[in-house]
Amino acid sequence: MSMRMKFLLLSAMTVAAVGICQDVSAETATIPMLYVDNSTGDSISVINVFTQKNVATIPVGDRPHAVCLQEDGRKVYTTTEVDYTLKAIDTATNKVVGTVVLPADPNECAVTKDGKYVVVPLRGNNTAVIIDSATNQIVKTLPLKGPHNCVAPMGGSNDYIYCEEQRSFDIVKIDMKKMEIADTIKVNGEARPFLITPDQKTMYVALSALSGFAAVDIATDMITEVVLPPTHGNPCTIEPGNTPTHGIALTPDLKKLWITDIPGSGVYVYDVATKKLSEKISVGKCPNWFAITSDGKYVAVTNSESNSVSIIDAKSQKVLSEIPVGKGPKRIDIANVPAMPS
């Protein structure tokens, strides 16, 4: 072999080795950790999505009813319905590191992308409160009619947070710079879980009495409903009888929408481009709420009546495992937690 050929071969091997090291480094920089609220219990379960093992149980107080997180994965928040609190969890230690006492019964929270503010809807007094995460103080209270869930747009935002007004059949857009309601988006009924695309042009929302979802074109107010195939299955004691769908989630590439079928103990996948539904994917009883890893490879769904979480391979749409958790798991989210140095 000529000296030139040896040099080219060694160069190629060096580049390949560097590439492998870079890939490993990128993969191990963070670990996707699933945080699960055990809504009829008193804890948050923590699952390593890679190993599909329950790695921690965090006591937070009776009836946790939210999981929302900072973009950097360092802090997760939950609310508790019995003692009216917002609690901050440090993901490095899985310990509660802060508590804010709330004036009324809370629900699902939302965090600005920079982690500066947490928005909590309070069903007990028809408001949403904005909390400064550095001081743990409520800095603004906004009136809402039947507040339920608040979310940030996919990918996060420092500018806007969205919250439901169930009694008004709408969702409000909160300007976080002005701390005022900037817009109101009508939907065809009581909003349940919903999501906003990163460009904030499209909303997907689950509605009471609808087995399926509604897609809302925010600019035109056009609403399109998609109905799941009829099913006759088990009732869900955790959710009202008029809530056949309580979970929706969009993959990071915005191509596939996942939808729960509560009475049918299954989930469906809707192709946004072709407008076609998959066959039903059977999971546990009362599938409730979704979370999807940031790379789009894994989908997690809580099974509220089975006290478990199913992990699904998103590409093959096959259930990989069903992991026991606490009582009545509902809301979940995945934090990309910085890996501990070896």
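**Exercise 1. Tyr 204 and its ring partners**

Task: Decide whether Tyr 204 is buried or exposed in this predicted model, and classify its ring pair with Phe 213.

Solution. 
Step 1. Tyr 204 has a relative accessible area of 9%. Buried means under 20%, so Tyr 204 is buried.
Step 2. Turn to the partner. Phe 213 has 1% relative accessibility and counts as buried.
Step 3. Take the geometry. A pair of aromatic rings is described by the distance of the centres and the angle of the planes. For Tyr 204 and Phe 213 the centres are 6.0 Å apart and the planes stand at 65 degrees. Planes over 60 degrees apart count as edge-to-face. The pair of Tyr 204 and Phe 213 is edge-to-face.
Step 4. Widen the view. Ring pairs join Tyr 204, Phe 213 and Tyr 270 into a cluster. The structure holds three aromatic pairs.

**Exercise 2. Trp 258 and Phe 290**

Solution. 
Step 1. Check the burial. Trp 258 and Phe 290 are both buried.

**Exercise 3. A charge over a ring**

Task: Find which ring the charged end of Lys 173 sits over.

Solution. 
Step 1. The ring is that of Tyr 160.
Step 2. The charged end of Lys 173 is 4.2 Å from the centre of that ring.

**Exercise 4. The disulfides**

Task: Count the disulfides, then work out the pairing pattern.

Solution. 
Step 1. A sulfur pair qualifies within 2.5 Å. The count is three disulfides.
Step 2. Start with Cys 68 and Cys 109, whose sulfur atoms are 2.1 Å apart. The torsion about their S-S bond is -105 degrees, and the link is left-handed. Cys 68 lies in strand β4 (residues 68-69), Cys 109 in the loop between β7 (95-101) and β8 (110-111), so the bond ties together parts 41 residues apart in sequence. Cys 68 is buried at 4% relative accessibility. Cys 109 is buried at 3%.
Step 3. Next come Cys 150 and Cys 163, with sulfur atoms 2.0 Å apart. Their S-S torsion is about 110 degrees, so this disulfide is right-handed. Cys 150 sits in strand β12 (residues 147-151) and Cys 163 in strand β13 (residues 160-165), 13 residues apart. Both Cys 150 and Cys 163 are buried.
Step 4. Then Cys 236 and Cys 286, at a sulfur distance of 1.9 Å. With -55 degrees about the S-S bond, this link is left-handed. Cys 236 is in the loop between β19 (222-227) and β20 (248-250). Cys 286 is in the loop between β24 (281-282) and β25 (287-292). The two are 50 residues apart, and both are buried.
Step 5. Number the bonded cysteines in sequence order. The pairing reads 1-2, 3-4, 5-6.

**Exercise 5. The largest pocket**

Task: Give the volume of the largest pocket, and say which strand supplies the largest share of its lining.

Solution. 
Step 1. The largest pocket holds about 1,000 Å³ of space.
Step 2. Its lining has 41 residues. Ala 152, Pro 153, Met 154, Gly 155 and Asp 333 lie nearest the centre.
Step 3. Strands that each supply at least two lining residues include β4, β8, β12 and β16 (191-196).
Step 4. The largest share, five residues, comes from β29.

Technical notes
Residues numbered from 1 in each chain as written. Predicted model: local features only at pLDDT ≥ 70, side-chain atom pairs only at ≥ 80, totals over all residues. Heavy atoms only, no water. Helix = DSSP H or I, 4+ residues; strand = E, 2+ residues; numbered from the N terminus. Buried < 20%, exposed > 50% of the residue type's maximum accessible area, 1.4 Å probe, protein only. Phe/Tyr/Trp six-rings, centres within 6.5 Å; stacked < 30°, edge-to-face > 60°. Lys NZ or Arg CZ within 6 Å of the ring centre and 35° of its normal. 1 Å grid on protein atoms, 1.4 Å probe; cavity = no way out; pocket = protein on both sides within 12 Å on 5 of 7 lines; lining within 4 Å. Points joined across faces, edges and corners; volume = space filled by probe spheres on them.
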